[in-house]
Structures are given as C-alpha cells and as structure tokens.
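User: I am new to this structure. Please walk me through how to read its features.

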Amino acid sequence: MSNGDAASGLNQQEWGARYDRTIMNTFGHPKRVLVRGEGAVVWDADGKRYTDFLAGIAVNALGHANPEVNRAVAEQMNTLGHISNIFASPTQIRLGEELVALASRESAPGTPARVFFANSGTEANEAAFKATRMTGRKKIVAMIGSFHGRSMGSLAITYNEHYRKPFEPLPGEIIWTPYGDVAALEKVVDDTVAAVVTEPIQGENGVIEPPDDFLPAVRRITAEHGALMWIDEVQTGMGRCGEWFAHQRLDVVPDLISVAKGLGNGFPMGACIALGPAADLFGPGEHGTTFGGNPVACAAGLAVISYIKSHDLLDHVKQMGLRLADKVMSLDDPRIATVRGRGLLRGIVLTKPLGAEAAAAALEAGWIINSPRPSVLRIAPPLIVTAEQIDEFVDVLPSLLDAAENR
Ligand SMILES: *Cc1c(COP(=O)(O)O)cnc(C)c1O
C-alpha cells in the first residue's frame, strides 16, 4: 500500500481546494487530508506520517485499521448488514447485554437495565433527553462548561453560547449550575427537576475533572428529589479513562448513561444505557431510529469490548496515563502548569495561551493533538498506545512549545 493517495495522485493542496468547494463550511479548512492509518499512526495525501495522539477525538480506541474489529465488521456486512428495528439481530442483543453488564457493575442484581442504540453521541443524548421527558417533568439541570452535541436537544444542554445562540429557542427548561459545585447543585434541584446531566470529566471544556465528592453528590441529590442522574460518557467511556465508564471509579450508579465515541472504534454508533426504573421509561413507538443498533455497528462494538478485555487494556490505559502525566510534569518546564484528566484523556495545561500554536507546531512535527481551550493541549491517544510512543511525545513536547512561542 502506498503512503499517499497513489490512485488519484492528488496532494494535500489539491484535495484541500476540492474540499473547500464542496463540503459545507462548518469545520473550516481541514488541517490535513488523511489517506491511511495503522495503529497509532496515520499518513496524509503527501505521504507525511503522523503519530495520532487524538484518535479521531477519542474514537479510535484500538487504533486505525484494527484487524480484529475490521474482520468482525466485514464478516457481519457479508452476512447481514442492515435490517431496521422492525427486526432484531443476535449481534445487537449480545452487545446490549454486554453494555448492560459493564454499566451495571455496582447496581443491585435483578434491577432492570436496557439499552437504546443510536448512531452518534448527540443521538445517544437525544434519546436520554427524551427519556427524561417521559417522567412527566421538564426541567434539566446542566453544567456550566458542558458539551453534549449539536442536535437541538443536546445543544440545549451544551453551555457554549456561540454554539447555542443562533438556534434558539431550544428545548427547555435548562438550569445552569457550576460544574463540581455541590452546594450550588443542592440549591437548584427540587422535586420539579427531571434530570441532572453531567460529564464525569469535561473533555471539550479542557479536560476538567470535578472534585471526587461531586458525582456521588449528584447521585444523592437527584435521588432525594426523584430526579434522574444522567451521565454523558460519550468521550470518557469505553475504557478511555481507565474504567469502562469513568464514573465507576467513584462507585456511582446513574440512571442514564450516554456512550458513543470509542464504542465502534470509528464505526459510527452510540448508545443510551438506562439502569433501574429508567430502563422502562420508553414504551413502543415513543422513540426510534432506522440505523441505530444495526448489526454491523453492533459487531464493531462487540469486537471493541472483546479486544479491550482480552488485551487487559483498562490496566494499560491507567499505566500509560500516569506515565504521560508523570513524565510531562518531570520536564519541569515553566510553560507547563499541570496535567489534568484520567487514563488516556489528558489535558496539558499551559501557563500561556499557546494551545493552538502548539497543536499546529505538533502537526508540522508529525504529531496529532488538539487544543480545546487556548491554554490546554488535549492528549487522547488510542488505548493501545505504547510506552515508547508516550516517551517519544514527552521528549518532543518542549520543542513543540519552543516552536509555538516562535509562531
Ligand atoms: C463528542 C461528544 C458528544 C457528541 O457526540 P457526536 O458523536 O459528535 O454527536 C457528546 N457528548 C460528549 C461529552 C462528547 O465529547
């Protein structure tokens, strides 16, 4: 296989021009046009190689072109590709059972637990949002700094005004409360609130983790008022933070869990998992999707879970995450304030707003990272990343910051 796109012979610049003419300008000009990937490495249309420490924004958990996932997907596509939800497939049922088993680890045996399959994170959240309306209550308490997606429902609970304003009115009523602040939460949750929605770590907001007492307090306060605890694990779930779901580190059992990104290793899919009585909020006809739970997507999900288990990746993620954080801190670089996050979802916090420049310098040096906030670098490599790749990144980091300062 060639490193560039040999068949077309087009380079970066030519592809970029065609992109600009044809693709809606929601994302701006692409940073690169990529043509091939393998493990934690990708190549662009000019044949340049990059180590991918962003993994398609925390999606390619098992790396690019993972043979086991791809075999499962190809076999399922060749056996039975799509059937709609008028019918079911063994693949879908098995993945549902796996997800329920992984999510309900701490809950009492015999309590109900069910899954609704979707095609993305925003759709997983849309399902959860609609489930909250089935309680008969309408108010949702959401967190300042949150990100939950771009559909009208998931956007309504996304904090960034720049994303939200042009599309108002959005579904209400949403009450905003400071992330991680138990006393503030206590004040806004009453018996009219349908749900409190929170991420276990705010990824888009710069990899921010609330104090350890926050999620248990969300559980306690929602339970006291008969409200649902809805946790958005789209970015943090599927092993990304060293547990199947990041909230499990704190032994909290939520009512609704949204999952997506890492679930299909790049095959688009999402899921809303409901534990306990929330599992029975929807009845026939009250929500739906054509593609959600499609056998091919579910085959990808099953292969991802099986790979994470058989390769002991949760342990590996914890070790690699600590290794990255320790090594970055021991650089003792005055431009680095701290390293936040868990497992392999990390934010390197800079003392100056050099994030965008550092991400651009990284790309030139053959590293893919991004900067969700001006002074934060987000590091989310595939979960299969090696110690050598981590060390290599830490070794080049000071030179990336030098280049960023000189841009
Ligand atoms: C990415 C993300 C979403 C949206 O997922 P899409 O698949 O882009 O629709 C929702 N919530 C969180 C926390 C995310 O990181």
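User: What volume does the largest cavity have?

Analyst: Start with the general idea. Rolling a probe the size of a water molecule over the atoms shows where empty space is left. Here a 1 Å grid over the protein atoms alone is used, and a cavity is a set of points where a 1.4 Å probe fits but cannot get out. Grid points are joined across faces, edges and corners, and a volume is the space filled by probe spheres set on the points. The largest cavity has a volume of about 110 Å³. Note that this is a predicted model: local features need pLDDT of at least 70, side-chain atom pairs count only at pLDDT 80 or more, and totals for chains, interfaces and linings use all residues. Residues are numbered from 1 along each chain as its sequence is written, and side-chain values use heavy atoms, with hydrogens and water left out.

User: Which residues are closest to the centre of the largest cavity?

Analyst: Lining residues have an atom within 4 Å of a point. The largest cavity has 14 of them, and Pro200, Glu209, Ala246, Arg249 and Leu250 are the closest to its centre. Classes come next: Ala, Val, Leu, Ile, Met, Phe, Trp, Tyr, Cys and Pro count as nonpolar, Asp, Glu, Lys and Arg as charged, and the others, Gly among them, as polar. This lining has 8 nonpolar, 1 polar and 5 charged residues.

User: How many cavities of 30 Å³ or more are there in the whole structure?

Analyst: The search finds 2.

User: Which residues does UniProt list under "binding site"?

Analyst: Read such records with care: positions follow the numbering used here, feature names are shortened, and annotations may be inferred rather than shown by experiment. In an unreviewed entry, UniProt gives this label to Gly121, Thr122, Phe147, Asp232, Glu233, Val234, Gln235 and Thr290. They span 170 residues in sequence, and the farthest two C-alpha atoms are 25.5 Å apart, so they do not all gather at one spot.

User: Is Arg150 buried or exposed?

Analyst: Buried means under 20% relative accessible area, exposed over 50%, and partly exposed in between (1.4 Å probe, protein chains only). Arg150 has 51% relative accessibility, so it counts as exposed. Helices (H or I, at least four residues) and strands (E, at least two) are DSSP runs, numbered from the N terminus. Arg150 sits in the loop between β5 (139-143) and α6 (152-156). Phe147 is in the loop between β5 and α6 too. Gly121, by contrast, is buried at 14% and belongs to helix α5 (residues 121-133).

User: What does Arg150 touch?

Analyst: Contact means heavy atoms within 4.5 Å. Not counting residues up to four places away in sequence, Arg150 touches Thr122, Leu155 and Tyr163. With neighbours within four places set aside, Gly121 is in contact with Val234 and Ala260.

User: Which residues of helix α12 are buried?

Analyst: An α-helix has 3.6 residues a turn, so residues three or four places apart point the same way. In α12 (residues 355-364), the buried residues are Gly355, Ala358, Ala359, Ala361, Ala362 and Leu363. Their cover includes β3 (49-52), β12 (345-350) and α13 (387-405). After α12 comes Gly366, with a positive phi near 90 degrees.

How values were computed. On a 1 Å grid over the protein atoms alone, a cavity is a set of points where a 1.4 Å probe fits but cannot get out, and a pocket is an open set with protein on both sides within 12 Å along at least five of seven lines; lining residues have an atom within 4 Å of a point.
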